[in-house]
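These are my notes from going through one structure.

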Amino acid sequence: MKPPRFNQLQPNTFFEEKMKKLCLTGPLTALIVALAFSPAISQAQVSVTTWHNDNWRTGQNVEETSLTPTTVAPSAFGKICSVQSVAKGGVLDGQVYAQPLTVWDSTNNRNVVYVVTENDSIFAFDGTNCKLITSNTNLIPRSTEAPADCHLIGGGACETISPTVGILGTPVIDTVSNTIYLVTESQSPPTKPTTWYHRIHALDLSTLAEKSAYHSPHVLSGKSQGVSFVSHSHIQRPGLLWLSASQSGLANNTVYIAFSMMDGVPGPHPRGWILGYNAQNLQTPPLAYTTVPGSTLIGGGIWQAGAGLAAGVDQSGQTFIYFSSADGTFDLANSGPDAADSFIKVTPSLQYPSGSYYFTPSDEFYRECSDLDYGSGGVVLIPDGSISGHPLVAVKGDKESYLWALDRTNLGGYNAGQCSTNSCTACAPSNWANGNLQTLLASTSTAQARSTPAFWSGNNGNLYFAGGYDTLKKYPLYDSNNNCGPGPVLCSATAVTHNTKQSIVMGYSITPSVSSGPAPQYQNGLVWGIKRGTYNSGLFAFDAGTMIELYGADQCPTRDEVANPTKFSIPTVANGYVYVGTEADFDIFGPTNTACN
C-alpha cells in the first residue's frame with residue numbers, strides 16, 4: 001500500500017494580525033505563531049494533532065467551511081458509522097478515553113483518524129467511513145504483560161477508570177517527522193503483578209510501527225530534587241505536549257508527559273510529575289519536575305480533566321509551560337518547595353523562571369481538606385493581544401466551578417487574606433485576597449466541575465465553559481466599550497438554549513470544541529460538546545453566537561445513538577466531520593441522507 005502523503009501545516013492569519021497589534025513582528029511573531037499552532041496548525045485542510053487543537057489549548061478550528069448552522073441540522077447531519085467493540089464483532093479492543101486525533105491525507109483526500117484504547121492499542125481509521133487503515137495492538141509484550149488492572153493500582157476503588165488502564169492521555173503528532181507519540185501503562189506478569197510500567201512510544205504515522213531509531217518504546221523513569229518517579233499508583237491523564245527545539249530553546253524536540261495519582265490512593269499521596277523526553281532519542285535521561293518534592297502529605301497531581309499542558313510565548317519571545325496542580329502540600333509562600341493546588345509556570349527545561357511563576361487561591365488549605373482541587377481543569381491561553389490592557393492571559397476552571405483569569409507575566413502568588421492556613425474551615429469569597437485578574441462564579445450547581453474552557457476568536461473573542469451538571473455558557477471577552485461587565489477579562493455569561501425535549505444540563509463536566517470559517521470574519525461559528533450520562537448522552541452542537549441548540553443527541557435517538565461517552569470526552573472537528581470516542585465504540589458524524597429517527 002502506498003503510504004499516504006500528509007500535508008505540512010501552515011500558520012493562521014488571525015494570530016499574525018494579533019501579533020501586529022502587539023507590535024510583535026518578524027522572528028518573534030513567527031515563533032509565537034509556530035508555538036500556538038504546533039503541532040496542530042490551522043490550514044485549508046485541518047489536522048488535529050494535539051489535545052484541544054493547539055498548544056494554547058483553545059479547542060478551536062477556524063478553517064471549517066463545511067459545518068455551518070445550516071448544514072448541522074438533524075435532517076442533513078448525523079452519525080455516519082461506528083467502529084464497534086470486539087465484544088460486538090468489531091475491532092475496537094477497549095474504551096476510548098483520549099481525544100481522537102486527525103491528519104489530512106492528501107493522497108486519498110480524507111482524514112486519517114487515530115484512536116487509542118485502554119487495552120494499550122492504537123488504530124488508524126478512514127475518517128469518512130470507519131474503515132480500518134492499520135493498527136498496532138502489540139505496543140506491550142502481551143505474553144508477559146497486560147494493561148494495568150484498576151483494582152491493583154491506587155486504592156483499588158477504580159473511581160477514575162475501570163476495568164483497565166492502558167493509553168489514557170491523548171497522544172501528540174509531529175507531522176514533520178511523521179511520528180505519533182503516546183504512553184502505555186501495563187503490569188507484569190499479567191496476573192498477580194509485581195511490576196508496573198509506563199512506556200513512551202514513537203510510532204511511524206503511516207504504519208504505526210515502532211521507530212527503533214528513536215529507541216522506541218522506552219520505559220519511563222525520572223528523578224527530581226531527590227525523589228524518583230514510580231509508575232505504580234500513577235496514571236498518565238493529561239494530553240502530551242510537543243515542542244520543537246526552536247520553540248523551547250533546547251537542543252532537541254521534546255515530548256512532555258504529566259502524571260497524577262490514581263484516585264483512592266491512601267496517604268501519603270503520590271506526587272505530580274512532568275517528564276520531558278528527547279523526541280528523537282527516547283533513551284536519553286529525561287527532564288524531570290515534581291510538584292511536591294517534600295516528604296509530608298505530598299499530592300499535587302497534574303490531571304486537569306485530561307487537558308494537555310499549555311505552552312505560550314511572552315513578550316521576551318521565551319516559551320513557558322503552564323498547568324495546574326491538585327490537592328496536596330503547599331508551602332511555596334513560605335519559601336518551601338511544594339506547589340499543590342496552584343497555577344504553575346515553568347520553562348521548557350522544567351525549572352521555575354525568575355519573577356512570578358505561580359498563583360494559589362486564598363482558600364488553599366480548605367480546598368486541600370475538602371477535595372476541591374484547583375487543578376481539576378486545564379489551562380487555556382487566550383490568544384495574545386485579544387484583551388485590551390492584558391495582552392497575555394490564561395483562564396482555567398476549578399472544582400468549585402469558578403473561572404480564574406490570570407496575567408501570565410504576573411500570576412499573583414499567594415495571599416491568604418482572612419482565610420485560615422491551618423484549619424479546614426470554609427472561607428467565603430469576600431475573605432479572599434487573591435492577586436489574579438478576575439474570579440468569576442460560573443455555576444451555582446453543587447456538582448463539582450472537571451472541565452476545560454474552549455476559546456473562539458469570532459465575535460471579538462468568546463470563552464465557553466460548563467460547570468458540573470450545568471448548562472454550557474458563553475463568556476465574551478471584556479472590552480471597556482461594550483458594557484458587558486464585569487471584566488477586566490470576561491463578561492457576564494449567556495447560557496445555551498436547548499430544544500424542548502432536552503434537559504438544560506450537559507452532564508458530567510463537558511470540555512467543548514469550537515469550529516468556524518477563517519479569519520477575519522470567522523463565519524458560521526459552532527460550539528460542540530459531548531454529554532455523558534444515562535439521559536440523552538451523545539453529541540450536541542450550538543450556534544457559537546446565539547447559543548441556540550442546532551443539533552442534539554435526543555433529536556434522532558435511533559440513528560445517532562452512541563455508547564456512553566467516557567469521562568472528559570472531547571469532540572474532534574475536522575474537514576466536515578466530527579469524531580467521538582466512547583466506552584464501547586468510536587463514532588463518526590457528518591453529512592448524511594439517512595432519515596432522522
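I count two strands as paired if DSSP finds at least two bridges between them. Strands (E, at least two residues) are DSSP runs, numbered from the N terminus. I keep in mind that this is a predicted model, where local features need pLDDT of at least 70, side-chain atom pairs count only at pLDDT 80 or more, and totals for chains, interfaces and linings use all residues. Residues are numbered from 1 along each chain as its sequence is written, and side-chain values use heavy atoms, with hydrogens and water left out.

**Entry 1: strand S26**

I began with strand S25 (residues 393-397) and S26, which pair in the antiparallel sense over five bridges. Val393 has Asp407 in S26 as its bridge partner. The two strands make a hairpin with four residues between them, and Ser401 in the turn has a positive phi of about 65 degrees. S26 also pairs with strand S28 (residues 438-441), antiparallel and over four bridges. There I found Thr439 of S28 as the bridge partner of Trp404.

I then checked burial, where buried means under 20% relative accessible area, exposed over 50%, and partly exposed in between (1.4 Å probe, protein chains only). Six of the six residues of S26 (residues 402-407) are buried. Tyr402, Trp404 and Leu406 point one way, while Leu403, Ala405 and Asp407 point the other way.

**Entry 2: strand S21**

Why is strand S21 largely enclosed by the rest of the structure? Six of the six residues in this strand (residues 319-324) are buried, so the rest of the structure largely encloses it. Thr319, Ile321 and Phe323 cover one side, and Phe320, Tyr322 and Ser324 are buried on the other.

I looked at its partners next. Strand S20 (residues 310-313) runs antiparallel to S21, joined to it by four bridges, and Val313 is paired with Thr319. The hairpin of S20 and S21 has five residues between the strands, with Gly317 at a positive phi near 90 degrees. Strand S22 (residues 343-346) pairs with S21 over four bridges, also in the antiparallel sense; Tyr322 stands opposite Lys345 of S22.

**Entry 3: the nonpolar core**

I used this rule for a nonpolar core: buried Ala, Val, Leu, Ile, Met, Phe, Trp, Tyr and Cys residues joined through side-chain atoms within 4.5 Å. The largest such core has 20 residues, and Tyr181, Leu220, Val255, Ile257 and Leu275 have the most contacts inside it. Strands S10 (179-188), S11 (195-204), S17 (254-261) and S18 (273-278) each supply at least two of its residues.

Leaving aside residues up to four places away in sequence, Val255 touches several residues, including Val172, Tyr181, Ile200, Trp242 and Leu275.

**Entry 4: the largest pocket**

For space I used a 1 Å grid over the protein atoms alone: a cavity is a set of points where a 1.4 Å probe fits but cannot get out, a pocket is an open set with protein on both sides within 12 Å along at least five of seven lines, and lining residues have an atom within 4 Å of a point.

Which residues lie nearest the centre of the largest pocket? They are Met261, Asp263, Asp327, Asp371 and Asp373, out of 24 lining residues. The space in this pocket is about 470 Å³.

**Entry 5: cavities**

I noted four cavities of 30 Å³ or more. The largest cavity has a volume of about 150 Å³. It is lined by 18 residues, with Tyr97, Ala98, Leu168, Lys567 and Phe568 closest to its centre.

Conventions:
Contact = heavy atoms within 4.5 Å. Points joined across faces, edges and corners; volume = space filled by probe spheres on them.
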